[in-house]
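The exercises below are to be worked with the sequence and the coordinates side by side. Try each task before reading its solution.

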Amino acid sequence: MYSSGQYRGKAKTSNKANKPLKALLHTGAMSAIQHSQELKGYYIRKTAEGKNQMLVINNVCNKLIHRVFACVRRKEKYKDFYSPVVA
């Protein structure tokens, strides 16, 4: 008998999920971790704390989604304040 949080089976993507979109978000998060100093620092810090790598990548996906929706809501282009300004 399993209680909440005790399931030991393989984690699967829900059948209701948009799998191609989820794959694109994962790819975008991996790229963001490599190229954004802020997100790279976040990834390194959380994995050093002992967090699961996939959990941290999902958190980065969530951060990217929030940034996209903020840009749409404000009707502005994205400004990365952590990258050097190219003149």
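**Exercise 1.** Is Ala29 buried or exposed?

*Solution.* The model is a predicted one, in which local features need pLDDT of at least 70 and side-chain atom pairs count only at pLDDT 80 or more, while totals for chains, interfaces and linings use all residues. Residues are numbered from 1 along each chain as its sequence is written, and side-chain values use heavy atoms, with hydrogens and water left out. Ala29 has a relative accessible area of 0% and is therefore buried, a class that means under 20%, with exposed being over 50% and partly exposed in between (1.4 Å probe, protein chains only). Its place is in helix H1, helices being DSSP runs of H or I with at least four residues, numbered from the N terminus. Leaving aside neighbours within four places in sequence, Ala29 is in contact (heavy atoms within 4.5 Å) with Ile57, Val60, Cys61 and Leu64.

**Exercise 2.** Which residue forms a salt bridge with Arg67, and which helices does the pair tie together?

*Solution.* A salt bridge requires a side-chain nitrogen of Lys or Arg within 4 Å of a carboxyl oxygen of Asp or Glu, and by this rule the count comes to three. In one of them Arg67 pairs with Glu38, the closest N and O atoms being 2.8 Å apart. Because Arg67 lies in helix H3 and Glu38 in helix H2, the pair ties together parts that are 29 residues apart in sequence. Glu38 has 26% relative accessibility, so this residue counts as partly exposed. Another bridge joins Glu49 and Lys46 (3.5 Å, N to O); Glu49 is partly exposed at 48% relative accessibility, and Lys46 is also partly exposed, at 22%. Lys79 and Glu76 form a further bridge, with 3.7 Å between the closest N and O atoms.

How values were computed:
Helices (H or I, at least four residues) and strands (E, at least two) are DSSP runs, numbered from the N terminus.
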